[in-house]
Amino acid sequence: MGSCITGWAHTVFGKSDADSSEILIADVVKNCLEHAQTEAEDIDAIFVGAFNNGFSKQDFQASLVALAEPALRFTPATRVENACATGSAALHAGLRQIESGRARRVLVVGVEKMTATPTAEVGDILLGASYRREEADIDGGFAGVFANIAQAYFQEYGDCRESLARIAAKNHENGVRNPYAHMRKDFGFAFCNTVSEKNPVVAGPLRRTDCSLISDGAAAVVLSDLDVALTSDPRAIYFRAAEHINDFLPLSRRSRTAFEGAARAWAKAYDTAGISVEDLSFVETHDCFTIAELMEYEAMGLASPGQGRRVIDEGVSSRDGRLPVNPSGGLKSKGHPIGATGVSQHVMAAMQLAGDAGDMQLDDARLAGVFNMGGAAVANYVSVLERVK
């Protein structure tokens, strides 16, 4: 038994004219069902990923799906939250529903409306994904949390600001090709590597170009049982692995220079899928901050501890490198509407594997790795995807 992505939909990320997440949900639900060539009556369960935590006064957002498609009125719908990995948590809930035999087809929606909230409030809301008892007073809010991680990493392994700038420049260059991206602008390495009025320091060593964007957006997928997908659905992007590993929430309880939970999640996914990092065609990874992508290179096995900078400096993770990382532009360029991000990453990967990625399309995209994390590598989700139809 297994599960496949059989259809998807994705809004443009950015500052949306939609006045609520309800509108964003409506934008993807019907389009996703149409793309999957699935009737609403054939959906056995709905899972909605929405972080919220103050972004919207309208909570209980799983109930909004049926307003977009009345035929889903009596379909069980559940809202899921797991910090910045909320979208992947919703996907995993759908996968487990299928694996349990209680569903053959599941609709998963990820959504967040962030830009209507004042920036100062956004920072405080996002701190809900940190350990407030110890980390609430860190300068710079959630960016400050990752700035502290970057400072610790620099102290142990040397200053990596130039490498972080290369990651930012790479992802913005990739994002130009992505019609769904919030920021479709190639800033170039020099701009990303220079502190300026337009690229100020946000926290510690992190500049504005080292930080992902505050965005609105939604993404959705239909998941189908493998047998159903192979016999009835228009396409099938199979989960060869879907693993979830948690770590301690407080940074004081673990290393600041390694994402140990992420490394364990990748190792478990490789084992389940029967592959190694060398077998992957590309990766969509969680670059909420450039230091995160650099450390994720090490977690996924592309580099030994402290050597993540070599992956970007030597072009390994570039679009034409040995293992392209974030050909979609990643969170850095595409945007990071919290609840939508994990679903979006899987949509981007599925598009590549289906050969439907347009200007983003890579040659010979056969096996995809996806990494989505909640908090500072606290909730770690890894998928390995392969097209089987």
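Colleague: What is the order of the nine strands in the open sheet?

Modeller: In this predicted model, the order is E3-E2-E4-E7-E1-E8-E11-E10-E9, and the pairing is mixed.

Colleague: Which strands stand at the edges?

Modeller: Those are E3, residues 77-80, and E9, residues 282-284. Each has a single partner strand, so one side of each lacks a neighbour in the sheet.

Colleague: And how are neighbouring strands turned against each other?

Modeller: On average, the turn is 30°, with direction ignored.

Colleague: Within the sheet, how many bridges join E1 to E7?

Modeller: Seven bridges link E1 (residues 3-10) with E7 (residues 217-225), and the two strands run antiparallel. One of the residues involved is serine 3, whose bridge partner in E7 is aspartate 225.

Colleague: Which strands does helix H3 lie across?

Modeller: Helix H3, residues 86-99, lies across E1, E2, E3, E4, E7, E8, E10 and E11. Its direction is at about 165° to E2.

Colleague: What about H10, which strands does that helix lie across?

Modeller: H10, residues 260-273, lies across E8, E9, E10 and E11, and runs at about 145° to E8.

Colleague: Turning to helix pairs, at what angle do H6 and H11 cross?

Modeller: The axes of H6 (residues 141-157) and H11 (residues 290-299) cross at roughly 55° and come within 10 Å. That angle makes H6 oblique to H11, and the crossing is left-handed.

Colleague: Which residues of the two helices meet there?

Modeller: From H6, Phe146, Ile149, Ala150, Tyr153 and Phe154 meet Ile291, Ala292, Leu294, Met295 and Glu298 of H11. The residues of this contact comprise nine nonpolar, no polar and one charged.

Technical notes
Residues are numbered from 1 along each chain as its sequence is written. This is a predicted model: local features need pLDDT of at least 70, side-chain atom pairs count only at pLDDT 80 or more; totals for chains, interfaces and linings use all residues. Side-chain values use heavy atoms; hydrogens and water are left out. Two strands pair if DSSP finds at least two bridges between them. Helices (H or I, at least four residues) and strands (E, at least two) are DSSP runs, numbered from the N terminus. Axes are lines fitted to C-alpha atoms, for helices over the stretch in contact, and angles run from 0 to 180 degrees between N-to-C directions. Contact means heavy atoms within 4.5 Å. Angles under 35 degrees count as roughly parallel, over 145 as roughly antiparallel, 65 to 115 as roughly perpendicular and the rest as oblique. A crossing is left-handed if the near helix is turned anticlockwise from the far one by less than a right angle, and right-handed if clockwise. Ala, Val, Leu, Ile, Met, Phe, Trp, Tyr, Cys and Pro count as nonpolar, Asp, Glu, Lys and Arg as charged, and the others, Gly among them, as polar.
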